[in-house]
Protein chains: 2
Amino acid sequence: MIIDCHGHYTTAPRQLGDYREAQRAALARDPDHLGEKGTVAISDDEIRESLEGAQLRLQRERGTDLTLFSPRASWMGHHEGNAHTSRFWSEHCNELIRRVCDLYPDNFAPVCQLPQSPGAPIEPSVRELRRCVEELGFVGANLNPDPSGGYWDGPPLPDRYWYRLYEALCELDVPAMVHVSAACNPHFHTTGSHYLGADTTAFMQLLTSDLFSDFPDLRLVIPHGGGAVPYHWGRFRGLAQDMGRPPLDEALLGNVWFDTCVYHQAGIDCLLAVIPADNVLFASEMVGAVRGIDPETGHHYDDTRRYLDAAGLSEADRAKIFEGNARRVYPRLAKGATP
Amino acid sequence: MIIDCHGHYTTAPRQLGDYREAQRAALARDPDHLGEKGTVAISDDEIRESLEGAQLRLQRERGTDLTLFSPRASWMGHHEGNAHTSRFWSEHCNELIRRVCDLYPDNFAPVCQLPQSPGAPIEPSVRELRRCVEELGFVGANLNPDPSGGYWDGPPLPDRYWYRLYEALCELDVPAMVHVSAACNPHFHTTGSHYLGADTTAFMQLLTSDLFSDFPDLRLVIPHGGGAVPYHWGRFRGLAQDMGRPPLDEALLGNVWFDTCVYHQAGIDCLLAVIPADNVLFASEMVGAVRGIDPETGHHYDDTRRYLDAAGLSEADRAKIFEGNARRVYPRLAKGATP
């Protein structure tokens, strides 16, 4: 079995975007607009149609089985509007993911977004996490380390601001993928530099803190192959050493995993050369940031299974990366994707 | 001959730091403090002493010949104080680099920092660049794409704000290394995440702009092995393709080079697997971000020559990476390091 730990509902029916546009329009009239949750009217057939020709077709073509599926990351847009905006939007996005997983329980398992908002307390995110896991059977969450959208003006990950969320993640026994959303800072391209920069930034925050002493059971997934981290593994090992901190495998690799969203063979080879197989989770992020076909290979850039198949992994490591690690990191998968 | 294109004067005598502390103390009393240039009294013997046991010893031990030498990057601190602070500080730092190169013309060639300051015009940087190149014989410059120190609130690199500087770089026929300074944003660790994130950010700004159509002769060096770029080369190729932009080699590799400041073998192997040898410049950034000895190899992490020696390069590619490319990118080297 092959579990893809990183997929977003990038192909959601139009009505979801319409709901968001209506939120934006209301906020343009009044930035303090509270609004109400309202409805997003999407039929089961529309959900099926949005997936059959996209994620489900690609699963079949690529021979992958189960995708851990969360709302579209670039649309989380925590910087837009206020805490109410983010709450209603997140609830709708998560409920739509639940419906996807009800329709295709063998193909998708649900991962939630959190109703984060710049400057707002973390408690609403804890509540939505609990609702998603306890009531709706979600198996993980996406945590945005920079809800400002590229201005990086909130508390870093080791700050106590986040502790109630970490407590809930540990208590519920679900991991968080550390994943930013769209950048509204013109310096950053969302999928080209903001995502990768955030991955690297998050890792370094973990390296320089004692977060995992306070939360020995916390599990965090760094997406996009860990940003720049595996490519600069020597730099990070050396920085930790110069700072008198313990080796990375000892200090971090009991709590941190990297996914395989790296879209060429040399990158995957680098990842596998330095990160132990126990800490690598198969992922493609399809249908996502890069949708084209690589003229050098004739295959989709994000068909990451091919790079792993060509990497000469042992059977034991293959089994870990494609399935076993995901089951360890997301233990609620074993309990079934349905609540 | 082996040219190291990326070295900073990280071991400068104490008086340089004292000068900076005095600037800071004056700014603490009055943020609008103008001050005057003043003096930094350092003897030739003190300069010799600061280098003999450090950069010069390492050059000998590692068998490298010439280092392109600039002021300490993390100390540029463009976010500190105002335009006057930055001007006087940059002039002193650059003049000290000139003295180093006068004392050791065979070992060091001078690269300047620019007196950038958040919100300030670019003209003072153009003036200092001209002074350094035309009067002091410098062969290149470091350009900080984020003088805010991690808040990224100034104009991105393709903005016309920078055009007078690019015009001067082209006219003077010198390249710029795109290199940030210390982060004052608590999210970012200066050498662990800010440097690498900035490298990636700069590359993506170039990828999404037509800067090199306006400046076909502009040469930019992305340090630290290009941040996350080579590791995610497939992602960047695919993003360009999805956007309908030309292939990266066509659009960017006539104007962009990557250095080899990647501190482990697998990273260097990845760099060399994807970036053409014509676009790789040997560099170590010693004595820099990572000063320790890698227990896995018994050698310094930043002894990057060893990784290149072990990479199985052809003689032709070795010659390009170790010397030929640097001479093309920094043509003023041929004119001699002295003015």
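Four salt bridges cross the interface of chain B and chain A, counting a side-chain nitrogen of Lys or Arg within 4 Å of a carboxyl oxygen of Asp or Glu. One joins the side chains of B:Arg237 and A:Asp294, at 2.7 Å, N to O.

A word on the basis. This is a predicted model, where local features need pLDDT of at least 70, side-chain atom pairs count only at pLDDT 80 or more, and totals for chains, interfaces and linings use all residues. Residues are numbered from 1 along each chain as its sequence is written, chains are lettered from A in the order in which they are written, and side-chain values use heavy atoms, with hydrogens and water left out.

Now the interface. 59 residues of chain B contact 59 residues of chain A, with heavy atoms within 4.5 Å. The two chains bury about 4500 Å², 58% of it on carbon and sulfur atoms; that is accessible area (1.4 Å probe) lost on being put together, summed over both. B:His187, B:Tyr231 and B:Arg235 supply 21% of what chain B buries against chain A, more than any other three residues.

On to the rings. There are 31 aromatic pairs over all chains: Phe, Tyr or Trp (six-membered ring) with centres within 6.5 Å, stacked under 30 degrees between planes, edge-to-face over 60, the rest tilted. A:Tyr231 and B:Tyr231 are stacked, 6.4 Å centre to centre, 5° between the planes. A:Tyr231 is buried at 0% relative accessible area, and B:Tyr231 is buried at 0% too. Buried means under 20% (1.4 Å probe, protein chains only), exposed over 50%, partly exposed in between.
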